[in-house]
Amino acid sequence: FINLLNYTDRFILAGVMVQVMSAFSLSGVEGGMLSSIFMIVYLIASPIAGYFGDRRSRPRLIAFSVLIWSIATIGSAYASNFALLLLARAATGFGEAGFGAVAPALLADLYRPNERSRAFAIFYAAIPLGAGLGFVLGGAIGQAMGWQAAFLIGGLPGLVAGLFSWWMEDPPR
């Protein structure tokens, strides 16, 4: 479920990009920067998250990561200028990197070898489903209620999931 939210939040921007570009009078380069900053921060933060994932509580790192990206997604709704939206998208990348680096290792330790393929199949099936949901729901909510509502509504489920993750058990490695 968290991986579904991970990709849904990531792709909300794609669903509302035209509205965001219009709202801030962005050039194509600036619009591209909103997606690029996410990936650049994700790239830099992933190895750092992996380092901490090997040394700290993985459920707590997941909870922290989900809360960061969800707050950043909600923060995108309140961005009053391009710089603040760019910062929010960077923070979204930071949070999602923490989850992406740690979740597969946690899954591997939660399931016996004869159950892992099914667990990972479900985990990775959330990628295209979440991407599609982010694009379609983000676009639909953006059209009906405005681009800010898409980010606000998109970020809320992650707050709940992040809080629940805090109490997950960290199985032996």
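Trainee: Which residues does F151 touch, not counting residues up to four places away in sequence?

Mentor: This is a predicted model, in which local features need pLDDT of at least 70, side-chain atom pairs count only at pLDDT 80 or more, and totals for chains, interfaces and linings use all residues. Residues are numbered from 1 along each chain as its sequence is written, and side-chain values use heavy atoms, with hydrogens and water left out. A contact means heavy atoms within 4.5 Å. With sequence neighbors up to four places away set aside, F151 touches I12, L13, V16, V20, T73, I74, S76, A77 and R89.

Trainee: Which residues have the most contacts inside the largest nonpolar core?

Mentor: A nonpolar core is a set of buried Ala, Val, Leu, Ile, Met, Phe, Trp, Tyr and Cys residues joined through side-chain atoms within 4.5 Å. Buried means under 20% relative accessible area, exposed over 50%, and partly exposed in between, with a 1.4 Å probe and protein chains only. The largest such core has 18 residues, and those with the most contacts inside it are V16, V20, L34 and F151.

Trainee: Which helix gives the largest share of this core?

Mentor: Helices are DSSP runs of H or I with at least four residues, numbered from the N terminus. Helix 1 (2–24), helix 4 (82–110) and helix 6 (147–165) each supply at least two residues of the core. The largest share, six residues, comes from helix 1.

Trainee: How many residues are in the second, separate core?

Mentor: Among its members are W69, A103, L106 and F123. The size of this second core is 14 residues.

Trainee: Is S25 buried or exposed?

Mentor: S25 sits in the loop between helix 1 and helix 2 (28–53). Its phi is positive, about 50°, although S25 is not a glycine. Most residues other than glycine have a negative phi. Because its relative accessibility is 64%, S25 counts as exposed.

Trainee: How many helices does the protein have?

Mentor: From the N terminus on, the elements run α-α-α-α-α-α. There are zero strands, and the number of helices is six.

Trainee: What radius of gyration does the protein have?

Mentor: The C-alpha atoms fill a box of roughly 50 × 25 × 25 Å along the principal axes. The radius is taken over C-alpha atoms, and the globule rule is 2.2 Å times the number of residues to the power 0.38. With 173 residues, a compact globule would come out near 16 Å, which agrees with the protein's value of 16 Å.
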